[in-house]
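Morning, everyone. Please bring up the model on your screens, and we will walk through a few parts of it.

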Amino acid sequence: MIVAIVVGVIFVTQSGGVSTFLNKASSLGGLGLGNGITAVVGSWIAGAVMGVDLFRFNKNVNAVFWCAASCFIFTNPILNVVGYIGAVHIGEYNYVIWMLGVNLLVALLGVFVWTTALWTTDNSELYCNALYTGPSLDAFGIHVSRKKLVAVCGILGTLLGALAFYQLFFADFINVLGSMAPPLCAPILADYFVIGKRKNKKYSTELLNKHPAVRWAGVVSFAIGAILGYVFQYIVPLPYGLPAGLFAMVVSFIIYILIYNLTPDARIDDKMVKEI
């Protein structure tokens, strides 16, 4: 964070000061409110998925809140602001191209710095990748030890990072995530806050291992929401600059409630509740 702040100050100074920098920034086009919200939601999803696996080792609730705050309130906004400052000053979001334009030595130094940064700060990435990849492979009958998964993820991540893979494709990844992933939580919210209120015994611990393997209302409503999120983000933009992912989440929420009683889920739930 200290390096990022120093670099941001240097870029503003090189631009001719704060007023000159702001004039240059105001002449550029932005994402628009809807696309900006989608990008932020996507980055928060990426962080939240990892955060829950890291914060569960905290010793108390306060530590969980402080860790979340350090990610989403302190670090993330500062890095976003500095990244914006760099893009305005350089005129290019891809710093690799800019560094090669300066000279090869600067480019090599940049590669070395961010690669070693991956090694020193992204042990959590290795842990989470191994945590997710292992069970996924197990589901297909492929058993790989945690040590091998960590080694493969570490080597592959280092190579991709050194080749600027993240800078080239991360923005697209975040936008897709921000537009298509929010509908994933809509069926869960609808089922708990709407359907679950009608059938308050549905979430009884006695039924924990009796639920069906597939919830068709959830699958269908998520699929429709994810497709709509993609369409609204890349094909048919929503009016008034509405964010594609959040709007698709609302649609998915409503669809789940409407189709729940038309799927086997409702009959299965009624049967389980009666058995308690």
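I will take a helix, then the cores, then a pocket, and end with a loop residue.

First, the ground rules. This is a predicted model, so local features need pLDDT of at least 70, side-chain atom pairs count only at pLDDT 80 or more, and totals for chains, interfaces and linings use all residues. Residues are numbered from 1 along each chain as its sequence is written, and side-chain values use heavy atoms, with hydrogens and water left out.

Start with helix H1, residues 2-14. Helices here are DSSP runs of H or I, at least four residues, numbered from the N terminus. H1 has 13 residues and reaches 18 Å from first C-alpha to last. That is close to the expected 18 Å, at 1.5 Å a residue. The expected span is 1.5 Å times one less than the number of residues.

Which residues of H1 are buried? Ala4, Gly8, Phe11 and Val12. Buried means under 20% relative accessible area, exposed over 50%, and partly exposed in between, with a 1.4 Å probe and protein chains only. Just after H1, glycine 16 takes a positive phi of about 105 degrees.

Now the cores. A nonpolar core is a set of buried Ala, Val, Leu, Ile, Met, Phe, Trp, Tyr and Cys residues joined through side-chain atoms within 4.5 Å. The largest has nine residues, including Ala190, Ile195, Val251 and Tyr256. Helix H10 (186-198) and helix H12 (244-259) each supply at least two of its residues. H12 gives the largest share, four residues. Apart from this core lies another, of seven residues, among them Phe21 and Ile85.

Next, a pocket. What lines the second largest pocket? Its lining includes Pro187, Ile188, Asp191, Lys202, Arg215 and Tyr256. H10 gives the most to this lining, with three residues.

Last, tyrosine 240. Where is it? Tyrosine 240 lies in the loop between helix H11 (216-234) and H12. Its phi is near 60 degrees, a positive value in a residue other than glycine.

Note on methods:
On a 1 Å grid over the protein atoms alone, a cavity is a set of points where a 1.4 Å probe fits but cannot get out, and a pocket is an open set with protein on both sides within 12 Å along at least five of seven lines; lining residues have an atom within 4 Å of a point.
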